[in-house]
Number of protein chains: 2
Amino acid sequence: MSKQSRLLEEERRKVNFNVEELTNIYDGGVEHTEMKRKVEAAIHNDPECRCKDVGMMTREERFNDGMRRTIHLNKVVFPREGWNAFSKELDYVLRNIGKEFCLGIHTGVFLPCILSFGSDEQIAKWLALGAQLQIIGTYAQTELGHGTFLRGLQTVATYDKASQEFIINCPEISAMKWWPGDMGKSANHALVMAQLVIDGKKYGMHPFIVQIRDLTTHMPLPGITVGDIGNKVGFETTDNGFLHFNQVRIPRENLLCKNSEVKPDGTYVAKTKDKMVYGSMVRLRAIFLEGEVVSALGKACTIAVRYSLVRQQGELEPGKPEVAVMEYMTQQKKLLPYVAMTYATHFACLKLRKMYNIFEQKVKEGDLSGLPELHALSAGMKASVAEQCTDGIEILRKSCGGHGYSNASGIPIIWARAVAGCTYEGENTVMYLQCARYLVKCYNQVQTNRLHGTVAYLNNMSQSTCRVNKANDFQQPGVLVACFQYRAREVIKSVAMKINHLTKNGFPNHEAWNKCSVELVNVVKAHITQYIVATFASVIDELSCSPPVKTVLLQMCALYALENITLYSGDFLKVGYLSPKQCDLALEAELDLLSRLRPNAVGLVDAFDYSDDLLQSCIGAYDGNVYERLFEWAKKSPLNKSEVHEETYKYLKSYLHAGRDILEGETKSKL
Amino acid sequence: MSKQSRLLEEERRKVNFNVEELTNIYDGGVEHTEMKRKVEAAIHNDPECRCKDVGMMTREERFNDGMRRTIHLNKVVFPREGWNAFSKELDYVLRNIGKEFCLGIHTGVFLPCILSFGSDEQIAKWLALGAQLQIIGTYAQTELGHGTFLRGLQTVATYDKASQEFIINCPEISAMKWWPGDMGKSANHALVMAQLVIDGKKYGMHPFIVQIRDLTTHMPLPGITVGDIGNKVGFETTDNGFLHFNQVRIPRENLLCKNSEVKPDGTYVAKTKDKMVYGSMVRLRAIFLEGEVVSALGKACTIAVRYSLVRQQGELEPGKPEVAVMEYMTQQKKLLPYVAMTYATHFACLKLRKMYNIFEQKVKEGDLSGLPELHALSAGMKASVAEQCTDGIEILRKSCGGHGYSNASGIPIIWARAVAGCTYEGENTVMYLQCARYLVKCYNQVQTNRLHGTVAYLNNMSQSTCRVNKANDFQQPGVLVACFQYRAREVIKSVAMKINHLTKNGFPNHEAWNKCSVELVNVVKAHITQYIVATFASVIDELSCSPPVKTVLLQMCALYALENITLYSGDFLKVGYLSPKQCDLALEAELDLLSRLRPNAVGLVDAFDYSDDLLQSCIGAYDGNVYERLFEWAKKSPLNKSEVHEETYKYLKSYLHAGRDILEGETKSKL
């Protein structure tokens with residue numbers, strides 16, 4: 001056993017709580033952990049499912065291998081295990097196959113959109129085909145020239161009465177569909193969002209099913225130009241594509257007509273607008289935040305913490321042996337707040353999903369009133385959690401020093417995919433401002449209406465200050481929740497007043513809004529951090545578990561909160577809730593927490609329960625055997641296929657031979 | 001001409017200063033701009049020098065192509081243009097060949113180290129060979145188990161009297177050399193730092209020349225295991241390597257013996273320690289910060305600003321046409337502070353280089369007294385500038401929305417290389433703490449000694465507060481410099497007092513230091529920001545230029561400072577220099593500056609003078625023709641080699657044919 005492995009074993013002996021118990025809580029109950037492990041075993045024990053060394057592969061190799069795995073899962077694993085797209089195991093399947101798979105948009109977006117937009121007849125036809133991969137679809141919304149601003153999309157669907165067809169067309173190059181996943185090389189059908197035009201009149205965006213490739217040869221159909229948009233930061237296994245339509249005709253029946261229909265004679269029939277489309281965005285955001293962002297942070301924490309416990313470097317006390325880098329306060333400050341962030345944002349995502357489930361229940365009873373709150377919360381969470389967590393992954397990567405810069409650490413690959421979460425599913429700044437609009441609206445109502453739910457804390461607008469005068473008191477959840485609620489309500493108040501002031505002074509609404517938008521982004525960060533701290537505190541409060549687990553969770557909650565007080569001390573001081581002295585006490589409390597959490601560090605990340613297969617990291621594996629694993633990995637570098645790299649030798653040979661002749665001449669002349 | 005190109009032309013007409021004049025100032029004088037352009041033309045006009053589409057290439061393709069370009073430059077371009085490693089043109093050669101080249105460690109580190117460590121005879125032998133590429137060397141210092149902490153290195157060089165040889169050996173796997181550039185596949189020699197042992201006694205780290213590959217076959221020599229360490233975040237053209245020694249014998253003469261020598265009988269002779277080794281680190285840091293980090297930020301700014309001026313998205317005023325995203329305050333706040341940061345850190349790097357030149361002059365007169373100050377400043381600058389600038393590049397990348405995530409934008413590639421600057425040449429946190437040690441030492445002397453140079457501002461320790469009561473006044477350099485000096489001296493004072501308090505209460509020095517290290521990092525950030533603001537202000541003050549250029553540079557200086565006040569408002573409030581009201585005024589001043597700078601935005605980045613060849617960006621090219629360039633680029637994706645991607649078709653074919661049969665059956669049954 002290597003020295004490093006022994007060090008990690010010793011660390012595990014220091015942990016003072018039951019790691020398995022914490023895992024069960026994290027998973028939402030022991031039965032979930034069991035199901036997760038069962039799924040994990042089924043996948044892990046199938047060699048065809050295992051990921052290869054993705055860190056060494058080219059983009060094309062990763063794409064090809066992802067396609068191979070995806071088809072194997074569909075063809076072999078799902079039937080063998082009795083899973084399908086609606087199994088309760090599916091969440092865990094997604095968790096355990098890692099990120100190296102294809103056709104995610106087909107399964108995760110195209111099929112659900114058929115359900116959302118299609119009539120019963122259309123669903124019967126397309127969903128059955130799609131579920132069996134007999135057609136592969138993409139969701140073609142964003143264009144080369146337009147992303148988040150949907151009304152600006154330029155692709156047109158003009159109804160031709162004579163033939164009872166729609167003519168899909170891109171009027172200019174920027175109208176070409178751009179970015180949709182699975183579109184470049186895989187999809188043969190696309191759900192295209194296009195501007196509907198009948199008799200020269202525009203009816204806005206509508207969803208059409210368009211076949212784009214031949215089902216025999218897989219060649220693009222006439223009028224279609226389609227391909228992959230090239231290499232990106234991450235998502236190597238996704239063929240994000242471009243798709244250009246040159247007067248492509250599709251039958252009238254291919255307008256998905258749950259919400260609106262075009263009759264053969266061109267009559268446009270609008271049906272009830274289905275607000276649940278927005279609702280399902282909430283659900284998608286909660287799932288993707290957990291699956292793509294929070295879990296990525298959890299993996300990066302696992303790697304960085306384990307590595308920092310076995311990496312010995314430098315003397316803390318001069319003349320004494322080298323110490324694990326985790327002994328340095330600066331290292332603890334880099335790592336442990338992100339472990340806390342993983343717990344905090346994880347429980348907030350679970351809560352968002354629960355809120356969605358309750359909302360869905362109410363919708364069935366005809367009550368859609370919860371939508372604005374839920375929509376605002378999910379937009380704010382999306383932006384804020386994606387930003388915090390992906391910034392954290394990069395800090396964790398750098399905390400691993402040189403080896404963090406190598407793909408061998410696994411973190412560069414984790415980050416490259418997760419960081420896309422700041423951009424897709426609504427660009428972060430746009431999301432921040434959507435949430436801000438709701439918060440300002442609530443603030444403006446608070447004098448006349450009592451607020452409920454996630455904004456209820458705005459009801460109390462009285463001035464106060466924090467009473468804490470001992471560092472220790474800053475570890476109490478009640479104290480911390482009060483801090484964040486006060487800060488959030490004061491920054492909302494301040495910007496709402498500024499907007500009102502500007503509009504009273506003659507600025508049009510949109511200008512006042514733009515002038516305040518920088519502060520509005522900060523308002524949402526304050527609101528969401530408040531939500532995360534309060535949610536985490538209440539989850540712990542309701543938990544029945546062993547005292548050591550409760551203690552460590554309370555510490556996680558306090559650490560997440562204190563880190564945010566340190567980061568945003570300017571806000572707390574400006575609103576007058578904390579004094580400079582109290583800010584110092586909060587930092588003291590945080591540093592004290594770090595020291596007390598340090599012996600439990602490995603237990604806290606072990607509890608996330610990410611297998612070595614999922615981490616794909618030489619420096620973060622469970623056994624801590626860092627150096628041998630790095631060496632074995634390096635040998636597989638594409639440049640090491642042969643001892644002498646032929647291209648290098650080709651260019652250097654004549655120089656080397658000249659050097660040889662000079663050195664040999666020198667040796668001879670000495671003899 | 002595309003609509004986007006027209007928009008950028010219109011933008012350029014709004015610019016109210018002479019861009020070429022600003023370029024000359026940025027370059028340090030019109031003669032430098034001229035030389036830069038001459039070198040640029042020589043390289044640009046040689047098709048063999050041009051970079052290919054690196055964003056689409058695999059790591060191995062980039063490495064091979066980098067080697068090809070490097071050899072072409074050495075064999076053809078340098079002789080043709082009359083350049084060599086000591087030409088004054090060299091800085092501009094490095095600037096203009098972009099980052100796709102090999103053998104950078106051989107030229108930039110191995111050869112200078114021969115000069116630093118070798119005797120005259122050794123220099124005569126090895127430098128001549130190396131300068132002609134007749135040997136290729138690497139600088140083998142870091143090991144698998146050790147990076148920044150040099151005393152921990154494990155490779156041993158044991159002197160064998162009998163044979164008059166050193167035996168180089170790695171006692172365990174973690175002792176293997178790891179990370180040195182050019183080592184994996186290119187180098188045939190290595191300058192190895194190893195623990196010298198004579199008769200069982202350790203003498204510390206010493207530099208040895210070790211041949212590692214055969215000069216005829218390029219095969220590793222007996223006892224040597226060498227190879228590439230695999231794929232990384234960036235630096236695709238560098239073969240960072242591993243190198244293991246199993247009892248490798250080298251002649252006694254291969255100890256580089258400027259500083260110490262081993263006589264044939266094993267007598268160790270120490271000569272005067274050459275402190276200039278530290279001095280040259282200062283020079284290297286200034287050069288690398290400018291060439292690898294600040295210039296990377298400048299390129300990212302150029303791309304993001306141009307793109308934001310032609311990317312139209314959303315309505316600012318409801319019902320009106322879409323506007324360029326630059327019209328949004330949130331976008332201005334994302335971009336313009338980083339344009340300002342580029343100017344601010346650029347001039348600070350120039351100043352550091354000038355300080356080094358003066359120091360070098362003094363050393364010739366025997367005066368080494370300036371070394372501690374210069375060393376501390378360069379360490380603090382290294383960490384702080386690398387962190388600020390690379391964080392900025394990532395924010396700029398995200399500001400480009402979806403297209404920023406594509407390699408087509410160029411920013412992912414720029415970031416991937418620049419961010420390594422946070423880790424190499426001394427890990428950032430270690431650098432921060434080195435600078436902190438100097439600052440605390442200075443603070444402890446200030447009561448008894450008057451301080452000079454970059455810490456002179458610590459002399460004035462009297463309490464005061466800022467007098468500003470109008471937002472406008474926050475744009476005056478004097479006001480801003482005073483803010484940053486006050487903040488820096490107060491945070492230094494506060495942590496120095498905490499350390500003294502802890503040691504008085506019985507904590508050993510090293511423990512007190514570790515307990516304060518989180519605050520010490522913040523101290524250095526405060527000191528360096530202060531240095532950058534003060535330097536920028538004094539550079540502008542001394543400048544003779546046209547009033548519009550002076551105005552825009554003053555705005556850049558103010559914007560950099562105000563952005564840092566906003567970011568660190570907690571510090572300014574805590575030390576009591578600014579009131580909450582004044583923090584609001586500072587933000588008001590910043591937002592006002594953004595609006596006033598906006599019409600000059602394109603001029604400010606055009607002045608950096610990065611050619612399209614260097615930017616390698618579809619969205620940031622000079623002509624603004626974003627969309628057509630993106631489409632042309634995408635077509636070259638490796639997945640688009642054929643219309644039907646064979647691997648995809650192989651896996652999907654049977655499903656598609658089933659889908660076809662079902663759909664055809666359906667159509668027939670309808671007929």
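Analyst: Here is a walk through the side-chain contacts, starting with how to read the model.

This is a predicted model, in which local features need pLDDT of at least 70 and side-chain atom pairs count only at pLDDT 80 or more, while totals for chains, interfaces and linings use all residues. Residues are numbered from 1 along each chain as its sequence is written, chains are lettered from A and ligands numbered from 1 in the order in which they are written, and side-chain values use heavy atoms, with hydrogens and water left out.

The term pLDDT stands for the predictor's confidence in each residue, from 0 to 100. Chain A has a mean pLDDT of 95, and 99% of its residues reach 70 or more. For the model, ipTM is 0.97 and pTM is 0.97.

Let us begin with the salt bridges, each a side-chain nitrogen of Lys or Arg within 4 Å of a carboxyl oxygen of Asp or Glu. Searching the whole structure gives 98 of these salt bridges over all chains. One of them joins the side chains of A:D53 and A:K636, with 2.8 Å from N to O. A:D53 sits in the loop between α3 (30-44) and α4 (59-81) of chain A, and A:K636 in the loop between α22 (626-634) and α23 (646-670) of that chain, so this pair ties together parts that are 583 residues apart in sequence. The helices here (H or I, at least four residues) and strands (E, at least two) are DSSP runs, numbered from the N terminus.

How open are these residues? Buried means under 20% relative accessible area, exposed means over 50%, and partly exposed is in between (1.4 Å probe, protein chains only). A:D53 counts as partly exposed because its relative accessibility is 27%, and A:K636, at 47%, counts as partly exposed too.

Another salt bridge in chain A links A:K470 with A:D473, at 3.6 Å from N to O.

In chain B, B:D613 and B:R50 form a salt bridge whose closest N and O atoms are 3.0 Å apart. This pair links distant parts of the chain, 563 residues apart: B:D613 is in helix α21 (residues 612-615) of chain B, and B:R50 is in the loop between α3 (30-44) and α4 (59-81) of chain B. B:D613 is partly exposed, with a relative accessible area of 28%, and B:R50 is partly exposed as well, at 34%. Salt bridges can also share partners, and in that way A:E20, A:D27, A:K36, A:R37 and A:D609 are joined into one network.

Next come the aromatic rings. Rings of Phe, Tyr and Trp (its six-membered ring) pair if their centres lie within 6.5 Å; planes under 30 degrees apart count as stacked, over 60 as edge-to-face and the rest as tilted. The whole structure holds 37 aromatic pairs over all chains. In one of these, the rings of B:Y356 and B:F359 have centres 6.2 Å apart and planes at 45°, so the pair is tilted. Both B:Y356 and B:F359 belong to helix α9 (residues 329-364) of chain B, where they are three residues apart, about one turn of the helix. B:Y356 and B:F359 are both buried. Over in chain A, one aromatic cluster is made up of A:Y26, A:Y343, A:F347, A:F536 and A:F608.

Charges and rings can meet as well: a charge sits over a ring if NZ of Lys or CZ of Arg is within 6 Å of the ring centre and within 35 degrees of the ring normal. In chain A, the charged end of A:R487 sits over the ring of A:Y568, 4.6 Å from its centre. In chain B, the charged end of B:R437 sits over the ring of B:W513, 4.1 Å from its centre.

Last, the cysteines. A disulfide is counted here as a pair of cysteine sulfur atoms within 2.5 Å, and the structure holds zero disulfides over all chains. The sulfur of A:C170 is too far for a bond because the closest cysteine sulfur, in A:C113, is 19 Å away. A:C170 counts as buried, at 6% relative accessibility. For B:C545, the closest cysteine sulfur is that of B:C557, 13 Å away and too far for a bond; B:C545 counts as partly exposed, at 22% relative accessibility.
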